[in-house]
Amino acid sequence: MLKDITLGQYYTADSAIHRLDPRVKLVATLFFIIAIFVANDPIGFAFITVCLAAVIIMSKVPVSYMVRGLRSIIILLLICGLFNIFLTPGDPIVKWGRVQITMQGVRAAVLMLVRMIYLIIGTSIMTLTTTPNQLTDGLETGLRWLNYIHVPVHEIAMMMSIALRFIPILSDETDKIMKAQMARGAEFDGKGIVKKAKAMVPLLVPLFVSAFRRANDLALAMEARCYHGGEGRTSMKPLHYLKRDVLAYLFIFAFLAAVIVLHILF
């Protein structure tokens with residue numbers, strides 16, 4: 001359920017990662033995504049694992065809370081892994097008629113699973129240690145130069161902030177609707193794909209209605225407050241780089257450079 005989604009939720013703590021400028025964390029997340037797709041060998045992934053573990057410890061976010069976000073994509077991970085194992089051509093390890101498992105398929109499946117898991121954890125660290133307001137300010141300030149080519153940076157940042165805010169709201173709404181429907185006799189633990197799909201109907205319909213109603217209320221509230229975009233708007237808490245942010249940038253660039261060097265050497 002949506003309750004297992006940690007992306008977009010904020011975990012309150014006093015850590016070095018929480019105190020970093022949101023622009024630093026956005027750049028770090030981008031470089032981390034690049035790094036996990038550049039790495040293609042055990043040594044590279046071992047280095048990334050050590051760095052990721054260090055950042056998780058520094059963030060003071062419980063590992064169990066962070067790993068909980070993987071529950072919502074277990075089915076997707078299994079499907080992608082099986083597709084890679086059985087549909088990747090190469091040297092067969094096991095063969096049953098036309099169906100075969102290849103060495104290249106197993107390697108591709110393992111790489112894909114590791115990359116997806118690290119991708120979820122890495123992006124979760126950013127959202128768990130940064131409030132939606134900070135993410136919006138960081139994104140808008142960091143991409144302000146795109147305004148010169150008429151890219152609506154403020155509107156894009158606002159949409160992302162609203163989307164992130166809606167994740168915990170929809171999670172709570174889903175839990176309330178599910179309990180209400182169970183009180184009326186609905187069953188969500190039916191066996192079989194067809195029964196489970198039918199059981200989702202009394203949950204999804206009111207959830208969508210509630211989401212559209214909230215979106216309409218938000219639009220009316222923004223219009224009533226004379227919101228007309230980012231032109232001429234100022235920030236209550238302007239972002240300024242500190243010494244720790246500069247040191248974090250140096251670590252980020254060194255991290256990506258080390259991953260690239262390991263990829264070239266090994």
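The domain assignment of the protein places residues 1–142 + 237–266 in domain 1 and residues 151–233 in domain 2; these bounds come from an automatic or database domain assignment. The C-alpha centres of domain 1 and domain 2 are 26 Å apart. The model is a predicted one, in which local features need pLDDT of at least 70 and side-chain atom pairs count only at pLDDT 80 or more, while totals for chains, interfaces and linings use all residues. Residues are numbered from 1 along each chain as its sequence is written, and side-chain values use heavy atoms, with hydrogens and water left out.

The protein contains nine helices and two strands, where helices (H or I, at least four residues) and strands (E, at least two) are DSSP runs numbered from the N terminus. Read from the N terminus, the order of elements is α-α-α-α-β-β-α-α-α-α-α. Along the principal axes, the C-alpha atoms fill a box of roughly 65 × 60 × 40 Å. Of the 266 residues, 33% count as buried; buried means under 20% relative accessible area, exposed over 50%, and partly exposed in between (1.4 Å probe, protein chains only). Among contacts (heavy atoms within 4.5 Å) between residues at least 6 apart in sequence, 74% join residues at least 24 apart.

The two strands were examined next. Strand β1 (residues 92–96) pairs with strand β2 (residues 99–102) in the antiparallel sense, over four bridges; two strands are taken to pair if DSSP finds at least two bridges between them. Pro92 has Thr102 of β2 as its bridge partner. The two strands form a hairpin with two residues between them, and Gly97 in the turn has a positive phi of about 65°.

Helix packing was described as follows. Two packed helices are described by the angle between their axes and the distance between the axes. Axes are lines fitted to C-alpha atoms, for helices over the stretch in contact, and angles run from 0 to 180 degrees between N-to-C directions. Angles under 35 degrees count as roughly parallel, over 145 as roughly antiparallel, 65 to 115 as roughly perpendicular and the rest as oblique.

Helix α1 (residues 22–38) packs with helix α5 (residues 103–128) at an angle of about 175°, the axes being 10 Å apart. The two helices α1 and α5 are therefore roughly antiparallel. On the α1 side the contact is made by Lys25, Leu26, Thr29, Phe32, Ile33, Ile36 and Phe37, and on the α5 side by Arg115, Tyr118, Leu119, Gly122, Thr123 and Met126.

The axes of α1 and helix α6 (residues 132–142) come within 8 Å and cross at roughly 75°, which means that α1 is roughly perpendicular to α6. Pro22, Arg23 and Leu26 of α1 make this contact with Gln134, Leu135, Gly138, Leu139, Thr141 and Gly142 of α6. In α6, the buried residues are Pro132, Leu135, Thr136, Gly138, Leu139 and Glu140. These buried residues of α6 pack against α1, α5 and α7 (153–183).

Individual residues were also considered. The structure holds zero disulfides, a disulfide being a pair of cysteine sulfur atoms within 2.5 Å. Cys51 is buried, with a relative accessible area of 13%, and Cys80 is partly exposed, at 23%. Val246 belongs to helix α9 (residues 243–265) and is partly exposed, with a relative accessible area of 47%. Val246 and Glu187 are 59 residues apart along the chain, and their C-alpha atoms are separated by 54 Å.
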